[in-house]
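Please look through the structure below with its helices and their packing in mind.

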Amino acid sequence: MTNLWLMFSGAFLAATLLPGGSEVLLVALLNQTPSSWLELLILASIGNTLGAITSYGLGRAGRLAKNPQDIQSRQYRYALAWIEKYGTWALLLSWLPIIGDLLCLLAGWLNIPIVPASFFMFVGKLIRYSLIVLLVMYSVDF
């Protein structure tokens, strides 16, 4: 039970603007208790999605302070271009380091509806964690 809580909270924090390595934590917990792979996969995916939704909420709140047209950072402009081109589909990449956090933040900033945004965030994160679980369970070295 402690491992499951640790996985959830680690994945949640890793998806916010705080740095974190939920993938390393998942690998360690899978090596420790391989029979809990499904629970770890689900909790990692849900925790990481909820963390991304937190970033989405910060983006929604940040819109009150700054307009999207005021973006100067190259990373923000890059993420904004992805969202403008691909819409909610871009959120499948919300698991990517740095740019993924920006995608979630900008999705909120651009008032993308929360339900489809959350769905695509979850699917992207589930795919990433599923690949990690598969690699660990079939003993492929990183």
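This is a predicted model: local features need pLDDT of at least 70, side-chain atom pairs count only at pLDDT 80 or more; totals for chains, interfaces and linings use all residues.

In soluble globular proteins, nonpolar side chains tend to be buried together. In this model the largest nonpolar core has 18 residues. Those with the most contacts inside this core are Ile-83, Leu-91, Leu-103 and Met-121. Two or more residues of the core come from each of α3 (37–62), α4 (74–86), α5 (99–109) and α6 (114–137). The biggest share is that of α5, which gives seven residues. Apart from this core lies another, of 15 residues, which includes Met-7, Leu-29, Leu-40 and Val-136.

Leaving aside residues up to four places away in sequence, Met-121 touches Thr-49, Ala-52, Ile-53, Tyr-56, Leu-91, Ser-94 and Cys-104. Is Thr-49 buried or exposed? Its relative accessibility is 6%, and buried means under 20%, so Thr-49 counts as buried. With the same exclusion of residues up to four places away, Thr-49 touches Ser-118, Met-121, Phe-122 and Lys-125.

Helix α6 can be followed along its length. Its 24 residues should span 34 Å at 1.5 Å a residue, and this agrees with its end C-alpha atoms, which are 34 Å apart. The buried residues of α6 are Ala-117, Ser-118, Phe-120, Met-121, Gly-124, Lys-125, Arg-128, Tyr-129, Ile-132, Val-133 and Val-136. An α-helix has 3.6 residues a turn, so residues three or four places apart point the same way. The buried residues of α6 pack against α1 (2–15), α2 (22–32), α3 and α5. After the helix comes Ser-139, with a positive phi near 55 degrees.

Trp-37, Leu-38, Ile-42, Ile-46, Leu-50, Ile-127, Leu-131, Leu-134, Met-137 and Tyr-138 form a nonpolar patch on the surface. Together these residues have about 930 Å² of accessible area. At least two residues of the patch are supplied by each of α3 and α6, and α3 gives the most, with five. Met-137, a patch member, lies in helix α6. Met-137 has 32% relative accessibility and therefore counts as partly exposed.

Conventions. Residues are numbered from 1 along each chain as its sequence is written. Side-chain values use heavy atoms; hydrogens and water are left out. A nonpolar core is a set of buried Ala, Val, Leu, Ile, Met, Phe, Trp, Tyr and Cys residues joined through side-chain atoms within 4.5 Å. Buried means under 20% relative accessible area, exposed over 50%, partly exposed in between (1.4 Å probe, protein chains only). Helices (H or I, at least four residues) and strands (E, at least two) are DSSP runs, numbered from the N terminus. Contact means heavy atoms within 4.5 Å. Patches are made of residues with over 30% relative accessible area and no salt bridge: like charges are joined within 9 Å, nonpolar side chains (Val, Leu, Ile, Met, Phe, Trp, Tyr) within 5 Å. Accessible areas come from the Shrake-Rupley method with a 1.4 Å probe; for residues, only the protein chains shown count as cover. A salt bridge is a side-chain nitrogen of Lys or Arg within 4 Å of a carboxyl oxygen of Asp or Glu. The expected span of a helix is 1.5 Å times one less than its number of residues.
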